[in-house]
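Here is a briefing on one protein chain. Look over the sequence and the structure before reading the points below.

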Amino acid sequence: MIQILVVEDDPDISELIAHSLRKGGYSVETLTTGSAVMAHVRANAPDAIVLDVMLPGLDGRLVCQALRNDPSTAAIPIIMVTARGDEADRVAGLELGADDYVTKPFSPRELTARVAALLRRTRRAEPETTLRYGPIVIDIDRHTVRVDGTDVQLTAKEFLLLQYFVQHRGRVLSRDLLLSDVWGYTYTGGTRTVDVHVRRLREKLPLLADALVTIKQFGYKLQERG
């Protein structure tokens, strides 16, 4: 059974999320402090994490950053939950590696649907399928990226975005299209989400700094390679 870790210090909200996820067919574990997350995840890695921002012991943003900085936990999908809904706060969480962002108050059914959508895309595999873009090698089955034989750690959403760009190289792709096809639902965080993830891809894969071109006021295009 797919396992979800819920990290939330409010017992009522934690139980509400857990109940909805269990109704959705998931196995759920809960934690109430940020400081307990890393040891728990290293011992028993979940398939996804629902992570509150305001946590005792260790702030949720710092937990997210720690998860992304550890190669053994870097690819675990993370949905952050916060009472703050302004764009700057959402972008801050995304820049630290969150795959999605939900603001309180929220519908437990919507959160469960977002978990399902994220898992469908991160767990979807094409056996023995490998994509190449210059020295970049994307193994879709193993969900890994290598450049000149060296592993590059990407978050689940970064991986899917890179895969989409490579599969549609040479095409101009709007931000709305990327949100629809990569995120898979009507994303309430706005198209700035795409820009944050593109910037992180360029930082982690310097080749893309020039190859992934910004189309002003529209979107992006990954250049064809000779």
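Lysine 104 counts as partly exposed at 23% relative accessibility; buried means under 20% relative accessible area, exposed over 50%, and partly exposed in between (1.4 Å probe, protein chains only). Its salt-bridge partner, glutamate 8, is buried at 2%. This is a predicted model, where local features need pLDDT of at least 70 and side-chain atom pairs count only at pLDDT 80 or more, while totals for chains, interfaces and linings use all residues. Residues are numbered from 1 along each chain as its sequence is written, and side-chain values use heavy atoms, with hydrogens and water left out.

**Salt bridges**

- The whole structure holds 13 salt bridges. A salt bridge is a side-chain nitrogen of Lys or Arg within 4 Å of a carboxyl oxygen of Asp or Glu.
- Glutamate 8 and lysine 104 meet through their side chains, with N to O at 3.3 Å.
- This pair links distant parts of the chain, 96 residues apart. Glutamate 8 sits in the loop between β1 (3-7) and α1 (11-23), and lysine 104 in the loop between β5 (100-103) and α5 (108-123). Helices (H or I, at least four residues) and strands (E, at least two) are DSSP runs, numbered from the N terminus.
- Asp52 joins Glu8 and Lys104 in a network of salt bridges.
- Aspartate 139 and arginine 142 form another salt bridge, at 3.0 Å from N to O. Aspartate 139 is buried at 14% relative accessibility, whereas arginine 142 is exposed at 58%.
- Arginine 146 pairs with aspartate 151, and their closest N and O atoms are 2.7 Å apart. Arginine 146 is partly exposed at 34%. Aspartate 151 is also partly exposed, at 46%.

**Nonpolar core**

- The largest nonpolar core has 29 residues. Such a core is a set of buried Ala, Val, Leu, Ile, Met, Phe, Trp, Tyr and Cys residues joined through side-chain atoms within 4.5 Å.
- Ile138, Val145, Leu162, Phe165 and Leu208 have the most contacts inside this core.
- Two or more residues come from each of β6 (130-133), β7 (136-139), α6 (156-167), α7 (175-183), α8 (192-204), α9 (208-211) and β12 (219-222).
- Helix α6 gives the most, with 7 residues.
- Beyond its neighbours within four places in sequence, phenylalanine 165 is in contact with Leu173, Leu178, Val198, Leu201, Leu212, Tyr220 and Leu222. Contact means heavy atoms within 4.5 Å.

**Helix packing**

- Two packed helices are described by the angle between their axes and the distance between the axes.
- α6 and α8 pack at about 85°, with axes 10 Å apart. Axes are lines fitted to C-alpha atoms, for helices over the stretch in contact, and angles run from 0 to 180 degrees between N-to-C directions.
- α6 and α8 are therefore roughly perpendicular to each other. Angles under 35 degrees count as roughly parallel, over 145 as roughly antiparallel, 65 to 115 as roughly perpendicular and the rest as oblique.
- Lys157, Glu158, Leu161, Leu162 and Phe165 make the contact from α6, and His197, Val198, Arg200, Leu201 and Lys204 from α8.
- By class, this contact of α6 with α8 has 5 nonpolar, 1 polar and 4 charged residues. Ala, Val, Leu, Ile, Met, Phe, Trp, Tyr, Cys and Pro count as nonpolar, Asp, Glu, Lys and Arg as charged, and the others, Gly among them, as polar.
- α7 and α8 pack at about 80°, with axes 9 Å apart. They too are roughly perpendicular.
- From α7, Arg175, Leu178, Leu179 and Trp183 take part; from α8, Thr193, Val194, Asp195 and His197 do.
- The contact of α7 with α8 has 4 nonpolar, 2 polar and 2 charged residues.

**Two single residues**

- Threonine 112 lies in helix α5 and is buried at 12% relative accessible area.
- Not counting residues up to four places away in sequence, threonine 112 touches Ser20, Leu21, Gly24 and Tyr26.
- Glutamate 95 belongs to helix α4 (residues 87-95) and is partly exposed at 36%.
- Leaving aside neighbours within four places in sequence, glutamate 95 is in contact with Val196, Arg199 and Arg200.
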